[in-house]
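Have the sequence and the 3D view open as you read.

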Amino acid sequence: MKKSEQIAYCAMLTALSMIFSYIEALFPISGGIPGIKLGLSNLVVVTGLSFLPVGWVFLVLVLKVTLVSFLFGNVSIWIYSMAGGVLSFFVMLLIKRIKGFSVIGMSIAGGACHNIGQLAVAVFMVESLAPLYYLPVLVAAGAVAGAVIGIVAQRVQKYIVR
């Protein structure tokens, strides 16, 4: 893939992730539990890992988190989202390199680690271990959301032009 194609994919994926974030904000699916969401925009990162160089996918992640946080949120949301996104990204990257894991497994690990990263920031911000009581709920929710995103990513990959 030429560099110009990579740049175009990066721009399209960033825009698509912003659209997914906006749609998710319009129709929250939390089940009444604070802090839980499907993470539709993570579909872009999971899918991007299958056909773009790692650096470009990381750029998409950073742009997505930064733009969405400042357009629809604030600096606090940016800090939490960036921590979760970066931890999730590197865990998915590690798992992708281990033979035997599918896109679904990679996405499940990413979803769970995203919430772990956010909880780590919460522990630091409130200077207490109290947020860790929420860890089992958030890790389970992240794993379920990761499974859904992984299933969709696996199906979408068939249609990606390389």
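Let's start on the surface, where L16, I19, Y22, I23, L26, F27, L59, L63, L67, L71 and F72 make up a nonpolar patch with about 990 Å² of accessible area together. Patches here are built from residues with over 30% relative accessible area and no salt bridge, with like charges joined within 9 Å and nonpolar side chains (Val, Leu, Ile, Met, Phe, Trp, Tyr) within 5 Å. A salt bridge, in turn, is a side-chain nitrogen of Lys or Arg within 4 Å of a carboxyl oxygen of Asp or Glu, and the areas come from the Shrake-Rupley method with a 1.4 Å probe, counting only the protein chains shown as cover for residues. Two or more patch residues come from each of α1 (3–26) and α3 (54–72); helices are DSSP runs (H or I, at least four residues), numbered from the N terminus.

Before going further: this is a predicted model, so local features need pLDDT of at least 70 and side-chain atom pairs pLDDT 80 or more, while totals for chains, interfaces and linings use all residues. Residues are numbered from 1 along each chain as its sequence is written, and side-chain values use heavy atoms, leaving out hydrogens and water.

How do some individual residues sit? Buried means under 20% relative accessible area, exposed over 50%, and partly exposed in between (1.4 Å probe, protein chains only).

| Residue | Relative accessible area | Class |
|---|---|---|
| C10 | 4% | buried |
| S88 | 7% | buried |
| C113 | 15% | buried |
| I19 | 47% | partly exposed |
| E127 | 74% | exposed |

I19, one of the patch residues, lies in helix α1. E127 sits in the loop between α5 (103–126) and α6 (135–156), and has a positive phi of about 55 degrees despite not being a glycine.

Taking contact as heavy atoms within 4.5 Å, L52 touches M1, Q6, Y9, C10, L13 and V57, leaving aside residues up to four places away in sequence.
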